[in-house]
Amino acid sequence: MTMGRIRLMLADDEGQVLEAMTQLVSTDPFIDLVGTAKDAGEAIDLAELHLPDVALLDVRMPGGGGSRAAREIRLRSPETQIVALSASTDPRTVVSMVRAGAVGYVGKDQSGDELLRAIHRSADGRSSILVDRLAERLTEHQSSQLVQASERARVSKERIEEAIHGNALETVFQPIVELHHGGIRGVEALTRFMSKPRRSPETWFVEAANQRLLTQLELAAAARALEHLDAIPDDVYLSVNVSTETLCEPRLLAMLQANPASRVVLELTERTPVVDYAEMSEWLADLRALGSRLAVDDVGKGFSGLGHLVELAPDLLKFDRSLVAGVDTDTTKSGLITRLTSFADEVGMEVVAEGIETEAELNTLRALGVETGQGFLLGRPGPIPPLVNGTWEWPMRTRPFG
């Protein structure tokens, strides 16, 4: 919120409802209405543009309904508190909205004062009261479903917070290798979770994003990775994964100021899209002033289009495994890698091929001009190996370099 004011977005496909609610919120001196939408797609776009504090979403609007809008808004504007708005208390609708990320629910039959209080509670993080009050209006079975969904969200949040503040995070490292000579150019820090339930790291990070804890979790993972920097040779860089929100976080800047930042590459993940390139450019300027470099991860899928690369001007491009797999037999993939590598050479970017698993893929990438890569063929993730007789070599590594 800005100076105690609440930035609100409204979305409902009924014009009369939007008009009435617009008039209502205009009577509250602490609420600024930043936009209105009449379908899910428009609501998603508005939320990405304005980053409201609270989004009040009709559950049955066109374009996928409130559930689709809630899921997308949670990804594109993680700090937005989502409140479901409906004329009914159908349990499936209510529970689906809670699962999609809504923190509360209000009925269209509630008074104007109740609706305004709901907006303020949501902005203040007290939206669970809305769920509790809603449960009083449902049947026993409906209430049970809603309470269970709310309880799952609570347990999920506690699980993520425990991982952040406890000892559940373990860092392993995968080498980034020169494809022609076999020397290690860098290492990528990868987070593993030792607490239960045992799930993939990406599942943990997605859950953290759903609980608005992604930045905190990524900062905790980055801090643990940086603790190992002294064990890495000075001519080898450390690559640390961060999302767009974490990249623009003052605590990350402070973390790098306390370390030899010139040895750190910040690897921008696909967990969330870039909302404001101008703002990100300002943060990047500060990070680059410390000597850090930027890598764009997963090139070849997701948000990493050519416009994305032009706006960010990264120092490294990392080709996604989906682009690398089978490159030795797929002329479309090899042609795209050839052109992207040529583009990178022209503008002074390094390229890294991820997920190299066969010697055929390795040999093809060499022939296409790709200089560095990583994957199970070259070295599996693990602890940092010690120097032996002045040599730093990755264990479990195959011998594709002769």
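This is a predicted model: local features need pLDDT of at least 70, side-chain atom pairs count only at pLDDT 80 or more; totals for chains, interfaces and linings use all residues.
User: Why is Q174 called buried?

Analyst: Buried means under 20% relative accessible area, exposed over 50%, and partly exposed in between (1.4 Å probe, protein chains only). Q174 has 8%, so it's buried. Its place is in strand β6 (residues 169-178); strands are DSSP runs of E of at least two residues, helices runs of H or I of at least four, numbered from the N terminus.

User: What makes the Q174 and Q374 pairing a polar contact?

Analyst: The term needs a pair of N or O atoms within 3.5 Å; within protein, one must be able to donate a hydrogen and the other to accept it, and residues adjacent in sequence count only if both atoms are side-chain atoms. The side chains of Q174 and Q374 make one at 3.0 Å.

User: And E361, buried or exposed?

Analyst: Buried, because its relative accessibility is 4%. E361 is found in helix α16 (residues 359-367), and a 3.1 Å polar contact joins its side chain to that of R321.

User: How do you know how α9 and α11 are oriented?

Analyst: The axes of α9 (residues 214-226) and α11 (residues 250-257) come within 10 Å and cross at roughly 5°. That makes α9 roughly parallel to α11. Axes are lines fitted to C-alpha atoms, for helices over the stretch in contact, with angles from 0 to 180 degrees between N-to-C directions. Angles under 35 degrees count as roughly parallel, over 145 as roughly antiparallel, 65 to 115 as roughly perpendicular and the rest as oblique.

User: Which residues in α9 and α11 meet?

Analyst: T215, Q216, L219, A222, A223 and L226 in α9 meet R251, L252 and M255 in α11; contact means heavy atoms within 4.5 Å.

User: What makes β1 and β3 a pair?

Analyst: Two strands pair if DSSP finds at least two bridges between them. Here 4 bridges join β1 (residues 6-11) to β3 (residues 54-58), running parallel.

User: Why do β2 and β5 stand at the edges?

Analyst: The open sheet of 5 strands is ordered β2-β1-β3-β4-β5. β2 (31-37) and β5 (104-107) each have a single partner strand, so one side of each lacks a neighbour in the sheet.

Methods. Residues are numbered from 1 along each chain as its sequence is written. Side-chain values use heavy atoms; hydrogens and water are left out.
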